[in-house]
Amino acid sequence: TPVLIVVGRMDEGVSHLILLSVPLFVFLGQLIEMTGMARAMVAFLASMLGHVRGGLHYVLLGAMYLVSGISGSKAADMAAVAPVLFPEMRKRGAKEGDLIALLSATGAQTETIPPSIVLITIGSVTGVSIAALFTGGLLPGLVLAVTLMAVVWARYRHEDLSGVQRASRREIGRAFLIALPAIALPFIIRAAVVEGVATATEVSTIGIAYGVLAGLLIYRQFDWKRVYPMLVDTASLSGSILLIIGAATAMAWGLTQSGFSNTLSQAMRELPGGAAGFMAVSVVAFIVLGSMLEGIPAIVLFGPLLFPIARTVGIHEVHYSMVVILAMGLGLFAPPFGVGYYAACAIGRVNPDEGIRPIGAYMLALFVGLVIVAAVPWISIGFL
């Protein structure tokens, strides 16, 4: 009840969007793992790239990109992909620390992939079009994927694949046909929102109905005994997210009433360098905020304060959204403070100490990708 009261202080449409969309997308993320849709997509990517040096690491990148387009929840993405790929990657000699480092890096990389809960939140609290965010979020995630692929290539270009057999064209074609219903879902979700067929809330129900039908009729994997535990997990995770949003919204209101927002706005406007200086400070600020406050509280607290300033200095709101989300994700999944990193360790069942050293190169690659996205607005707004 306190959460509903606090969130209810926001615009009525915003509160409904957050209260309904978040639980539905969290449940959808668990559904794709239970029905075997995630496994089908991973199997298809593995059939194409399994014989390449570092191939399964590329598969992990691609699988997280595709799965993120369905679930909207990073925890659900990692929980769906890691158990499928990690055993085979370990057999090929991949170290535990490097596995968890790449999993964490892909969590940060895919924060902008629709229907990310962060995209829905930032659109709700700042007034940016969610359809525009869904369109603009695909290419920035791809740019960061390329930078991560460069690190994978450098680390695994000498991998021993003497015991690995290359899949035939027939096997690849069969894997593609099996995975096609799962691969189609992220495109259905994005098209429905962008074309105005459904809202972010409505499209989540479409995704759930699609997932149930695919699990029952196509993949024949639907364990009814797991439905109740999934609902409990969904309620638990959604409740924590809504509590965070409610508390952060109340704090944002307090900051506004205290005059802090006016002071911050004035200080940011007086930064040297104009739009470039403001963007650079925003990147640093949201990396720090992402590690300290997690993602959604940072967006809810400072999004309404900083987005008007971005518009004033001439930065497109969708471009600024992508930079802010990626910077926040970098902080969220970077050790030693990033909570997302420890969530990845728990999902992969790896000691957090083992991933701290290998994750450095991936975090550097993500930062390079973030700088590219920040410097080239077309990457975020070119398809709007």
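What is the relative accessibility of Asp98, and does Asp98 count as buried or exposed?

Reply: Asp98 has a relative accessibility of 6% and so counts as buried, where buried means under 20% relative accessible area, exposed over 50%, and partly exposed in between (1.4 Å probe, protein chains only). Before going on, please note that this is a predicted model, in which local features need pLDDT of at least 70 and side-chain atom pairs count only at pLDDT 80 or more, while totals for chains, interfaces and linings use all residues. Residues are numbered from 1 along each chain as its sequence is written, and side-chain values use heavy atoms, with hydrogens and water left out.

The partner of Asp98 is Arg155, and the two form a salt bridge whose closest N and O atoms are 2.5 Å apart; the term stands for a side-chain nitrogen of Lys or Arg within 4 Å of a carboxyl oxygen of Asp or Glu. This pair joins distant parts of the chain, since Asp98 belongs to helix H6 (residues 96-109) and Arg155 to helix H9 (residues 138-156), 57 residues apart; helices here are DSSP runs of H or I with at least four residues, numbered from the N terminus.

The whole structure holds three salt bridges. In another of them, the side chains of Glu96 and Arg90 meet at 2.8 Å, N to O, and here Glu96 is partly exposed at 29%, as is Arg90 at 30%. There is also the pairing of Glu317 with Arg311, at 3.0 Å from N to O, in which Glu317 has a relative accessible area of 25% and is therefore partly exposed, while Arg311, at 38%, counts as partly exposed too. In general, side chains of opposite charge can pair when their charged atoms come close.

Another buried residue is Ser380, at 2% relative accessibility, which sits in helix H20 (residues 378-381). Leaving aside residues up to four places away in sequence, Ser380 touches Gly136, Pro140, Val318, His319, Met322 and Val373, a contact being heavy atoms within 4.5 Å.

At the other end of the scale lies Arg220, which is exposed, with a relative accessible area of 67%, and which is found in the loop between helix H11 (200-218) and helix H12 (227-258). Its phi is near 50°, a positive value in a residue other than glycine, whereas most residues other than glycine have a negative phi.

The mean for the protein is 80, and 86% of its residues reach 70 or more. Over residues 1-15, however, pLDDT stays under 50, and the model has 19 contacts beyond four places in sequence for this stretch.

Definitions and conventions: Helices (H or I, at least four residues) and strands (E, at least two) are DSSP runs, numbered from the N terminus. pLDDT is the predictor's confidence in each residue, from 0 to 100.
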